[in-house]
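Colleague: I would like to learn how to read charged side chains in a model. Please take me through some cases.

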Amino acid sequence: MTIVRHPLKRPQLASLAVVLSVCLIGTTTAHAQELALTGQDRWLDPDFEEVYRVGSFGGADWEQFGNIIGLGFDGVGNLHVLDQQADRVTIVAPDGGYLRDFGRKGEGPGEFRTPTRLAVMANGHVVVFESIRNAFHIFDWNGGLKRTVRIPDNPLATVLPELDSHLDGDVMVLIPNGVVAIISRAMMGTGGQAGADGATRRVERLVLGEEEVVLEEITTAWAPPPGVPHGQAAHTTVTIGSGLAFAPLLYVGALPGGGVAFSDSSAYAIKITDSDGTIQRILTRPLQPEPVTDRIREEERARRLEELEREAESADPLPERFAAMAARALETRRNDIEALQFFNEIPIVRDLQTGWRGTIWIQRAGDYPDGDGPIDVLAADGRYLGSFPQGTTTIPAAFGPDGLVAFIETNELDVESVVVRRLPLAVR
C-alpha cells in the first residue's frame, strides 16, 4: 500500500501585483494530526428529496440541453448550466423556473468557442474557461461580461481539470481538482512532459487577475514514478501524468476558508490543509488497495484493445490522403497498449469532491473490474459521517447552499437533463 509522508512547501499568499513565482517556506507533515477513522461502513440512506428537474426533448426551448459540460450553484441557490453544444449558460431559479441565459457561439466579447469548464461564485459571478483560447471569461450575476483573463505566455493548450471556486476578499480564486498541464510550443518542439514532474505534483490555486492568471502553489503532492511515455510521433512526446495504468491520480477539493482536501496516493489518506498550505490533518481508513496481478494486467490490456477496436470501427471514413496517417496512429496506440506498464496496486480513491460546507465525498474503488464502490462522506474536522452503498448514488455534479445538489441524467435517447435534490442534514 503506497502512502506517502513527504516534505511539503508552504506558499506565501501572493497579491495580484507579484510575478508568477511564489515565495516558498519549507514545512513537513510531521505535526499533522493523523485521524484513524473506522473501517466499518455505516450505511446512509441515498433517497434524497427531489426539488425539481429541468431538461427535456419536448420541454421549453431554454431547457433543451445538448451537451451539459458544467453545473454550479450561486449563494442563493440559482443553478447555472453550461451547455457546450449551445455555447450558452442557462440560469435556473431555486424553484426550477427559467431566470436568464447568456453566451453564444462566436469570437466576440461574451461569446464562446467550445467552452470546457464552469465555475460559479457565491455572489453570482460566473467564470467560463475556453481551452481553445486559453482564457477565462468572467461574467457578473446578470450575465454581463466583466473581463477576459488569459493563461500567461500564450500556451499551445491547457489541460484543465474540474474547478472549485471561492472569493479571497474581492479576488476570484479557482482550485483545480487535479493537475493543471500547460503545453507550450517549446515543449511540443523538444518532447517535454506535461503533468507530473519528478516525485511531486503541484496543488495549485488559479488567481484571476485583471489580464492574466497567476498560478500559486498551495502545497505539493506525491507523484508516482513515470512510466514509458506514450503517443510518440515526429520525435515529440507529451505525457499527462505518470504513464502508468492504475497510477494514483491527484484529487483536490476546496474547503471553506481557503484550505483544500486532497488525495495523492493509493492508500486511503485524505490530507486537509489550511489556507497557507500547511497540512493539519490526515484522515485514514484501514482499507487496503487491490494488488495488480498478472491476470489484471492481461485483462486490462485486452479491455483497452477491445475499446480501441470499437472506436476505430465506429469512426467515420477518412479521405484517402489521411487514411495512411490514421492507420499509423492506430497502430501506435495498439503498441502503446501492448507495452503498457502498471502501478503495483489499484488506488482506493477514484474521486474526491467537496460540498458547500466542507464535507468531503470520496468515491471508493470496487473490486476490479467492477469499477466504483461505495461513497464515503467525511467532515473536514475528521468525523466519518457514513457511506452510501455501491451503486445507490453518484457524487453530485454540483453542490449548493441549504443542501442543494445537482446530478446530470441521460435517458435512453441520450437526452440530458438535470435533477436537483436536497441532502439530509447529516451529510450537508
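Modeller: Start with a pair: the side chains of Arg303 and Glu307 form a salt bridge, at 3.5 Å from N to O. This is a predicted model, in which local features need pLDDT of at least 70, side-chain atom pairs count only at pLDDT 80 or more, and totals for chains, interfaces and linings use all residues. Residues are numbered from 1 along each chain as its sequence is written, and side-chain values use heavy atoms, with hydrogens and water left out.

Colleague: What is a salt bridge?

Modeller: Side chains of opposite charge can pair when their charged atoms come close. The term requires a side-chain nitrogen of Lys or Arg within 4 Å of a carboxyl oxygen of Asp or Glu. By this rule the count is 27 salt bridges.

Colleague: Where do Arg303 and Glu307 lie in helix 2?

Modeller: They are four residues apart in helix 2 (residues 294-314), so about one helical turn separates them. A helix here is a DSSP run of H or I with at least four residues, numbered from the N terminus. Arg310 and Glu306 are also four residues apart in helix 2, and their closest N and O atoms are 3.1 Å apart in a salt bridge.

Colleague: Is Glu111 buried or exposed?

Modeller: Buried means under 20% relative accessible area, exposed over 50%, and partly exposed in between (1.4 Å probe, protein chains only). Glu111 is buried, at 13%, while Arg104 is exposed, at 54%. Their side chains meet in a salt bridge of 2.7 Å, N to O.

Colleague: Which residues are linked in a network of salt bridges?

Modeller: Asp41, Arg285, Arg364 and Asp376 are linked in this way.

How values were computed
Helix = DSSP H or I, 4+ residues; strand = E, 2+ residues; numbered from the N terminus.
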